[in-house]
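Load the model and keep the selection panel open. Each stop below gives something to select and what is there.

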Amino acid sequence: MTPVTPGSFCFGIHTIQFSVIRHIVVLGSTGSIGTQTLDVIARLGQDRARVVGLAAFRASDALQAQAEAWHEAQVVAVERDGAEALTRLATLPNADTVVV
């Protein structure tokens with residue numbers, strides 16, 4: 001990830017502009033893509049992106065740590081909470097980005 005201009009980041013050949021606060025749900029938050037996504041969001045800061053939802057298959061220590069770090073986020077463990085809870089999380093009205 002390379003800073004390109006203030007408010008933008010380059011992922012490979014794609015540049016993403018952040019001009020408003022993004023509200024993000026991360027499905028599979030304890031996996032490789034999920035943890036990398038959370039790292040990027042942490043670097044962006046609360047003035048650019050906020051995590052509003054976290055989901056993983058199991059309620060694990062990793063998911064608990066993420067819930068504590070992203071205390072505003074709703075948290076779903078599919079094995080415990082069911083698929084309907086995952087669907088509700090993925091369709092949160094205040095989420096404008098869902099990372100799968």
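Select Gly-45: this residue follows helix H1, and its phi is positive, near 90°. Numbering starts from 1 along each chain as its sequence is written. The model is predicted: local features need pLDDT of at least 70, side-chain atom pairs count only at pLDDT 80 or more, totals for chains, interfaces and linings use all residues, and side-chain values use heavy atoms, with hydrogens and water left out.

Step back to H1, residues 32-44. Helices (H or I, at least four residues) and strands (E, at least two) are DSSP runs, numbered from the N terminus. At 1.5 Å a residue, the 13 residues of H1 should span 18 Å; the expected span is 1.5 Å times one less than the number of residues. The end C-alpha atoms of H1 are 19 Å apart, which agrees.

Now colour Gly-34, Thr-37, Leu-38, Val-40, Ile-41 and Leu-44, which are buried (under 20% relative accessible area, 1.4 Å probe, protein chains only). Look down the axis of H1: its buried residues fall within an arc of 160°, so they line one face. The arc is that of the directions from the helix axis to the C-beta atoms.

Next, pick Leu-38. Leaving out residues up to four places away in sequence, Leu-38 touches Val-26, Ser-29, Val-51, Leu-54, Gln-66 and Trp-70. Contact means heavy atoms within 4.5 Å.

Widen to the largest nonpolar core, with 15 residues. Such a core is a set of buried Ala, Val, Leu, Ile, Met, Phe, Trp, Tyr and Cys residues joined through side-chain atoms within 4.5 Å. Strand E4 (22-27), H1 and strand E5 (49-56) each give two or more residues to this core. Finish at a second, separate core of nine residues, including Ala-55, Val-76, Leu-92 and Ala-95.

How values were computed:
Buried < 20%, exposed > 50% of the residue type's maximum accessible area, 1.4 Å probe, protein only.
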